[in-house]
Amino acid sequence: MIILPKLLYSEIGINKSTSGNNVLMFSLEMNKEQLLNRIVSAEKGIFANKYRNNSFTEKEAEKYFSYMYSDELNNLNIQTCTEYKITVDRIRNIALASKSDIIFIDYIGLISSSNKQSSYERVSEISRELKEGSRGVSGIGARGKSRIIG
């Protein structure tokens, strides 16, 4: 399991998808529109907050929206899941069905667990379950909150 800073999460996912890999991104704190914005922004080198604040320059707006509706974006090998309160078992089932080469999870602290333990114990348990379930997948990236999981 690899831990990634949030900004690298989208950029590495795009890089891997354009390299012929099938990428699956679980985004547990962003909806599909926010995740798409992050992907487009990363690909076009535009700060994501410019979309949120509607503060594009004319050139940036043209780059952003022409890519947003392009075949190039539609042809990226990226599948996304933005289900809230998702469990490790559900992640495992979606991942197996997707036949992805690499999986990103943002972020593990929001994965649901039946155990009512401390946050540390719950995230540790989820991390172990994800590691066990990632066998057979060439890579899995997860983002935790101020915690390295190895």
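Author: Start with burial: buried means under 20% relative accessible area, exposed over 50%, and partly exposed in between, with a 1.4 Å probe and protein chains only. This is a predicted model, where local features need pLDDT of at least 70, side-chain atom pairs count only at pLDDT 80 or more, and totals for chains, interfaces and linings use all residues. Residues are numbered from 1 along each chain as its sequence is written, and side-chain values use heavy atoms, with hydrogens and water left out.

Reader: Which residues of α7 are buried?

Author: Helices are DSSP runs (H or I, at least four residues), strands likewise (E, at least two), numbered from the N terminus. In α7, the buried ones are Arg122, Val123, Ser124, Glu125, Ile126, Ser127 and Leu130. Their cover includes α6 (88-98) and β4 (102-106), where contact means heavy atoms within 4.5 Å.

Reader: And how many salt bridges are there?

Author: Side chains of opposite charge can pair when their charged atoms come close. The rule here is a Lys or Arg side-chain nitrogen within 4 Å of an Asp or Glu carboxyl oxygen, and the count comes to 3. One of them joins Lys50 and Glu60 (3.0 Å, N to O). Lys50 sits in helix α3 (residues 49-52) and Glu60 in helix α4 (residues 58-68), so this pair ties together parts 10 residues apart in sequence.

Reader: Are Lys50 and Glu60 buried or exposed?

Author: Both Lys50 and Glu60 are buried. Now look at Asp89 and Arg92, which also form a salt bridge (2.7 Å, N to O). Both lie in helix α6, 3 residues apart, about one turn of the helix. Asp89 is partly exposed at 47% relative accessibility, and Arg92 is partly exposed at 27%.
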